Amino acid sequence: MKLFTEAALSKSAAEATLLRARLLLFGGVKVMVIYGGAFALTRWPSLELWPLIAGLTIPLAALFLKAIMLAVSSGPENLLRRAPSTAGSSGNLAKPAAFIFLAGALLLSAAPARSEEPHALSHADSAATAVAHTAEGGAAHGEAHSGGGSGVAHLPNWITILNDFFPQNAVIHWMHENEYLVFAWLAAVVFLGITWFGMRKPTMVPGPIQNAIEWMVESMEDVCGGMLGKHLHKYFPYIIAVFFYVLSMNLIGIIPGFKSSTSTLDVTLALALITFLYVQFTGLRNLGPLGYIDHLAGSPRDVVGFIMLPVMIPVHILGELAKPVSLSCRLFGNIFGEDTLIVVFVGATALCLKASLVALAVPPMLGISALFMLLQALTSIVQALIFALLATVYLYMMLPHEEHAHGNEEHAHAPSH
Amino acid sequence: MNFAATLGLGLPIGIGLAAIGSGIGIGFLGQGAMGAMGRQPDVLPKLQVAMIIGFGFAEALTIYAFVTMFFLQGKIQ
């Protein structure tokens, strides 16, 4: 307590820093001892509790790291960072456009899209330099139509801290301005790397990683196969790619120092627009132009249907246009809401760390917020699942002969009962 | 009552109202799905998938209110 008051009342900045570092160290040791004792107690009867222990330890360690990152980065006035406001409409338009180009090039890997890639990159780069000298904090009432995150506190990540240490470096500054692009690429690289590592030498009796990957893919195949039926193998690559991409982008935000790219409306809107265009393209190709218009008109077959035509066409067009909005806003809102929840708890923990109240207030605070981190992991998985399943549903609606496919499916399921 | 005060009062109330609707919807969905699962356990996987999609739709309404709150939050000064 004496040390705490000394640290709080000390006038000299260097002394205060030294005291705070010492207290941080002692507090960290205390926390380690407390939790180490608890874990030793849990694992004493048997070693069967390993998954439980890991499930409790990983969120706690992650939270503690996040809180420490928040506490030791620069001064108290930016304890909770404001999101970098992207002023200037060119930046707001160019960055989603670049993301759409890149994601489209990745997903479709078509030759014309790939030739667009450097152009889009340079466009985003120029836009980033145009908004490079925008003030970071305080611009809370900037027009929030781009990031959605402006005006809301968020945790610093490794790029923020790098930007603090090297404020003049152009590359780091570009990364700081386009954090979500960097983390989206990182998520894609992690996901592709794990898949490549697991499946590079597929064996008949799978190893652990191959087993996990096969289990996930087969579960998704079962779920989507119930809806798409015989069309499954045509559309499954897109669905599973979107699922794993969104999942890895969601889950990467749990790691301290990383950020969920899906907590930005730009990324989710780009993904939803790609899905929307793919669904419309599928409808046009499968139903033909006339069948597509017929589908938009609600398939009128009798007099009442044709009388209701002027009402049904705008309703159906509006329904189609609502799909990307609902997809993107749902994903963005869920992930961003969870992130904000974590920020509130981690911010409180970091305030306790800064006030050197480590052993007093941090353990219960970490315990509470670890529960919310487990909730965040659950939400990440469920939201990725919902995104992929809704893409499946939209694709299913665009497929021809719905009654026929439905009959087939029931027929296929009948012997199993 | 000025603009910021109105916004500061209205946004939480709006989210609360939206959450009431979503909660009722999710409650009905869960009730129906649980009842059906209890009666017919062999359709459980299909029901679960449909239930999760329904949850997503019902929950999205609150999320819209939530997103609106984030967009308008900066105007409360």
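This is a predicted model: local features need pLDDT of at least 70, side-chain atom pairs count only at pLDDT 80 or more; totals for chains, interfaces and linings use all residues.
Visitor: How many helices and strands does chain A have?
Guide: Helices (H or I, at least four residues) and strands (E, at least two) are DSSP runs, numbered from the N terminus. On that count, chain A comes to 2 strands and 15 helices.

Visitor: What share of chain A is buried?
Guide: A residue is buried if 20 or more other C-beta atoms lie within 10 Å of its own, exposed if 12 or fewer, and partly exposed in between, with C-beta atoms placed from the backbone. Chain A has 417 residues, and the buried share is 34%.

Visitor: And chain B, what share of its residues is buried?
Guide: Chain B has 2 helices and 0 strands. Of its 77 residues, the buried share is 12%.

Visitor: Which residues have the most contacts inside the largest nonpolar core?
Guide: A nonpolar core is a set of buried Ala, Val, Leu, Ile, Met, Phe, Trp, Tyr and Cys residues joined through C-beta atoms within 7 Å. The largest one has 54 residues, and the most contacts inside it belong to A:Val242, A:Val246, A:Phe387 and A:Ala388.

Visitor: Which element gives the largest share of this core?
Guide: Elements giving two or more residues to the core include α8 (179-199), α10 (232-251) and α14 (358-398) of chain A, together with α2 (44-73) of chain B. The largest share is 11 residues, and it comes from α14(A).

Visitor: What does A:Ala388 touch, leaving out residues up to four places away in sequence?
Guide: Two residues are in contact if their C-beta atoms, placed from the backbone, lie within 7 Å. By that rule, A:Ala388 touches A:Ile239, A:Val242 and A:Phe243.

Visitor: At what angle do the axes of α8(A) and α10(A) cross?
Guide: Axes are lines fitted to C-alpha atoms, for helices over the stretch in contact, and angles run from 0 to 180 degrees between N-to-C directions. The α8(A) side of the contact includes A:Ala184 and A:Phe191, and the α10(A) side includes A:Phe244 and A:Tyr245. The two axes come within 9 Å and cross at roughly 115°.

Visitor: How do the residues of that contact of α8(A) with α10(A) divide into nonpolar, polar and charged?
Guide: Ala, Val, Leu, Ile, Met, Phe, Trp, Tyr, Cys and Pro count as nonpolar, Asp, Glu, Lys and Arg as charged, and the others, Gly among them, as polar. Sorted that way, the contact has no charged residues, 1 polar and 8 nonpolar.

Visitor: Why does the span of α8(A) agree with what it should be?
Guide: The expected span of a helix is 1.5 Å times one less than its number of residues. With 21 residues, α8(A) should span 30 Å, and the two agree because its end C-alpha atoms are 30 Å apart.

Visitor: How far apart are A:Leu162 and A:Ile172 in space, C-alpha to C-alpha?
Guide: A:Leu162 is in helix α6 of chain A, and α6(A) packs with α7(A) at an angle of about 145°. A:Leu162 and A:Ile172 are among the residues that meet there. They're 10 residues apart in sequence, and C-alpha to C-alpha the separation is 7.0 Å.

Visitor: Why does A:Gly298 count as partly exposed?
Guide: A:Gly298 lies in the loop between α11 and α12 (303-307) of chain A, and touches A:Gly305, A:Met312 and A:His316, not counting residues up to four places away in sequence. It is partly exposed because the number of other C-beta atoms within 10 Å is 16.

Key. Residues are numbered from 1 along each chain as its sequence is written. Chains are lettered from A and ligands numbered from 1 in the order in which they are written.
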